[in-house]
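Trainee: I am new to this structure and would like to go through it step by step. May we begin with its overall division and then turn to the ligand?

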Amino acid sequence: IADIADEVARLVETAQEGAAALFEPTVRLGVTGLSRAGKTVFITSLVANLLDRGRMPRLRAAAQGRIEAAQLRPQPDRAAPRFDFETHLGALLAPEPRWPESTRAVSQLRLSLRLRPEGWLAGLAGPRVVHLDIVDYPGEWLLDLALLDLSYDDWSERALAEARAPARALHAAPWLARLGAVDPAGPWDEGPARALAEAFAAYLEACRRAGLSGLTPGRFLMPGDLAGSPALTFSPLPRAERRGGLRAEMAKRFEAYKRAVVRPFFRDHFARIDRQVVLVDVLSALGAGPQAVADLRASMTAVLDAFRPGENSWLAPIIGRRVDRILFAAAKADHVHHTQHDRLAALTAELLRRSRERAAFKGARVEAMALASLRATVEQDVRRDGRVLHCVRGRLAATGREAALHPGDLPEDPRRFLDALGAERWPEGDFRAMDFAPPRLRLAPGDGPPHLRLDAAAEFLLGDKLS
Ligand code: GDP
């Protein structure tokens, strides 16, 4: 009886939600990016600024004073973890502010806005409610989409070729050495197989630490709650004449990974997104050198491809052409002087240019922008050797001390600049990536955290839905 009552309650709830959805439209905004790209800070600052209608002059609905109320409400997706907004904002607003804990898995947050309609309708219709469902998820997981159309053999071959490429060979050496010592056609033995899988995971981790990005399988780097499970304990193997127990079990685990890990994520979260922002840490990649930027470009292409699956992909019927606006945002723009912001945006756009020009994207608006979710610096001109350097000044994360730094000039001609991606180092001098501590904030009531162009990003992503 309890079961039936439960089921009835669930049906009623679903029906109520269905009815509400008719009158109260929902926009699902996906927020992604590779680890430490700035997703958590982005969502925290966006929501804080919307809740307080703080500093959002470039969001039209806010500038026109049409947002009558903004409130956090329970999300409809009760099974997904909630984005821990209060804790994250608390960390940023503490007397000794800390950056919040970064994204490690998928989470959601619902922000409901009560809006007065725009223009002549305002006099006729009353206010309406729009629900903004924010879905935060690791970009590493998104890259796994590429695995779905591969067999274990194809994937192994590809992974081995990638590992031997110059940018990765050094990091791959311990794993490749271990691989050389096993017989790919041999029998299954849990101990050595686990050691092999761990060496493979360590190789991916070493690549990440070196600033490289297009690394799959994504859960090896960002396991969520799956750490240590067999679905995450496998490794590519070289081709073999015979198919022994080792190869058969590795292939089964690879298939299990696709079936039990990758597909449910795409079906339950990714396929339901309407608008997407992809945060990219272009400045850190620049600091890590040409190969890191080349890798970043490859992973941005893969991300973009995920939103336009080929006709033969199993995702095509689920996703279709649902996502019609995608923003690639170069985060942490407060690490450079404002005179460099246009160049940062232009470089980000150039990283996307080739994949964007493909016909598949004619229907979607894809834009690039430079922003800072939380501004941690102020600008300062410093005279050195008779030259004026445009610096940014902030507290350094490592020491807590204040410093004015000049990270280097961004390229004037991004297309020419990217032609040099094959090189070991940048031909025209290095770029220094930095790490600032969050600023000590004292916000007046109704004020949101300081940012750069977060409001412009919100206008691009949501403006039409709020009119
Ligand atoms: P996630 O892994 O994508 O969730 O990344 P986070 O949002 O946790 O950001 C990672 C780190 O980047 C933070 O701890 C900060 O050090 C830095 N960061 C993120 N956003 C900003 C920003 O707007 N300005 C500055 N200066 N640093 C930022």
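Trainee: How many residues of domain 1 are in contact with residues of domain 2?

Mentor: This is a predicted model. Contact here requires heavy atoms within 4.5 Å. On the side of domain 2, 14 residues take part, and on the side of domain 1 the number is 15 residues.

Trainee: What separates the centres of the two domains, taken over C-alpha atoms?

Mentor: Domain 1 comprises 22-137, 272-375 and 440-466, while domain 2 covers 150-267. Between the centres of domain 1 and domain 2, the separation is 32 Å.

Trainee: Which backbone has a polar atom 2.9 Å from an oxygen atom of the ligand?

Mentor: The ligand is surrounded by 19 residues, with Arg 36, Lys 39, Thr 40, Ser 102 and Asp 334 the closest. A backbone N or O atom of Ala 37 is 3.4 Å from a ligand oxygen atom, and for a polar backbone atom of Thr 103 the distance is 3.1 Å. The value of 2.9 Å belongs to Val 41.

Definitions and conventions: Residues numbered from 1 in each chain as written. Predicted model: local features only at pLDDT ≥ 70, side-chain atom pairs only at ≥ 80, totals over all residues. Heavy atoms only, no water. Near = heavy atom within 4 Å. Polar contact = N/O pair within 3.5 Å; in protein donor to acceptor, adjacent residues only side chain to side chain. Domains from an automatic or database assignment.
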